[in-house]
Amino acid sequence: CDPHPGNLLRTNDGRLCILDWGMTLSVPSDLQYALLEFIAHINTQDFEALPQDFINLGFSPPNVSLERLQNSGITEGLAFAFRQLSEGGGPKKIQERVKAEFQERYGADLSDEELQKAARAEMMDQMEAQLEKEGVDVKGVTNVMEEMSRRNRELFALPPYVLYVAR
């Protein structure tokens with residue numbers, strides 16, 4: 001459903017009435033608790049628990065270990081994204097917060113283009129460090145981003161219902 005205040009009513013006898021069930025689907029019973037845990041971890045900003053949630057929800061193929069997910073570096077990126085989303089305000093406010101965080105991290109006197117370059121350089125350094133940690137000779141990799149993308153595709157196989165959950 002679309003649970004915003006305009007779609008939630010209290011009936012005269014005190015029950016909750018939910019309007020707009022247009023984007024609903026059935027969640028298999030074996031995934032319901034896992035989904036609640038995932039949402040709880042996001043809401044409480046317990047991002048370190050997300051790799052186990054990915055396994056519990058079937059977001060990762062069965063051959064991917066918890067340790068590999070934890071070491072993949074994905075938690076940091078998701079934590080950043082979920083932290084921004086949880087503060088609300090829409091795309092413009094998120095963009096303002098991201099810019100403020102980047103200015104704090106890289107320098108308040110940098111232009112937007114310089115901030116973008118600094119963030120990209122840090123991301124590339126982190127990806128190279130991750131590949132080196134996994135035993136990959138980074139100098140032998142022609143495109144670090146492509147290699148990380150390939151590795152991430154091996155770690156995650158999101159089921160179709162995720163689009164509804166994200167909504």
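**How are α5 and α6 oriented to each other, roughly parallel or roughly perpendicular?**

I opened my notebook with that question, and I kept in mind throughout that this is a predicted model. I looked up the axes of α5 and α6, and they come within 10 Å and cross at roughly 75°. Angles of 65 to 115 degrees count as roughly perpendicular, so α5 and α6 are roughly perpendicular to each other.

Next I wanted the residues behind that crossing. On the α5 side I found K99, F102, Q103, R105 and Y106, and they meet D112, L115, A118, A119 and E122 in α6. Sorted by class, this contact of α5 with α6 has five nonpolar, one polar and four charged residues.

**Entry: the overall layout**

I stepped back to take in the whole protein. I counted eight helices and two strands. Going along the sequence, I read the pattern β-β-α-α-α-α-α-α-α-α. The protein has 167 residues, and 28% of them count as buried. I also checked contacts with a separation of 6 or more: 39% of them are between residues 24 or more positions apart.

**Entry: another helix pair**

At what angle do α2 and α4 pack? I found about 95°, with the axes of the two helices 10 Å apart. That makes α2 roughly perpendicular to α4. From α2, the contact uses L50, P51 and F54, while α4 brings I74, T75, L78 and F82.

**Entry: two residues of α4**

T75 lies in helix α4. Is T75 buried or exposed? T75 has a relative accessible area of 6% and is buried, because buried means under 20%. Setting aside neighbours within four places in sequence, I found T75 in contact with F47, E48 and P51.

I then moved along to Q84, which is also found in helix α4. Its relative accessibility is 4%, so Q84 counts as buried. Which residues does Q84 touch, leaving aside its neighbours within four places in sequence? My list for Q84 reads I94, R97, V98 and E101.

I looked for L36 and found it in helix α1, which covers residues 29-43. L36 has 57% relative accessibility and counts as exposed, because the cut-off for exposed is over 50%. I also took a distance here: the C-alpha atoms of L36 and D53 are separated by 9.8 Å, with the two residues 17 apart along the chain.

Where is Q45 found? I located Q45 in the loop between α1 and α2, where α2 spans 50-57. Phi of Q45 is near 55°, which I noted as a positive value in a residue other than glycine. At 40% relative accessibility, Q45 counts as partly exposed.

**Entry: the second largest pocket**

Now for the empty spaces. Rolling a probe the size of a water molecule over the atoms shows where empty space is left.

I picked the second largest pocket, with a volume of about 730 Å³. Which residues are closest to its centre? Of the 22 lining residues, I wrote down G73, E76, G77, M123 and Q126 as the closest. The elements that give two or more residues to this lining are α3 (66-71), α4 (74-86), α5 (90-106), α6 (112-133) and α7 (144-155). The largest share of the lining comes from α6, with eight residues. By class, I noted 10 nonpolar, eight polar and four charged residues in the lining of this pocket.

**Entry: the cavity**

How many cavities of 30 Å³ or more does the structure hold? I found one. The largest cavity has a volume of about 40 Å³. Its lining is made by R68, S72, E134, M148, R151, N152 and L155. Which helix gives the most to this lining? That is α7, with four residues.

Conventions: Residues are numbered from 1 along each chain as its sequence is written. This is a predicted model: local features need pLDDT of at least 70, side-chain atom pairs count only at pLDDT 80 or more; totals for chains, interfaces and linings use all residues. Side-chain values use heavy atoms; hydrogens and water are left out. On a 1 Å grid over the protein atoms alone, a cavity is a set of points where a 1.4 Å probe fits but cannot get out, and a pocket is an open set with protein on both sides within 12 Å along at least five of seven lines; lining residues have an atom within 4 Å of a point. Grid points are joined across faces, edges and corners, and a volume is the space filled by probe spheres set on the points. Ala, Val, Leu, Ile, Met, Phe, Trp, Tyr, Cys and Pro count as nonpolar, Asp, Glu, Lys and Arg as charged, and the others, Gly among them, as polar. Axes are lines fitted to C-alpha atoms, for helices over the stretch in contact, and angles run from 0 to 180 degrees between N-to-C directions. Angles under 35 degrees count as roughly parallel, over 145 as roughly antiparallel, 65 to 115 as roughly perpendicular and the rest as oblique. Contact means heavy atoms within 4.5 Å. Buried means under 20% relative accessible area, exposed over 50%, partly exposed in between (1.4 Å probe, protein chains only).
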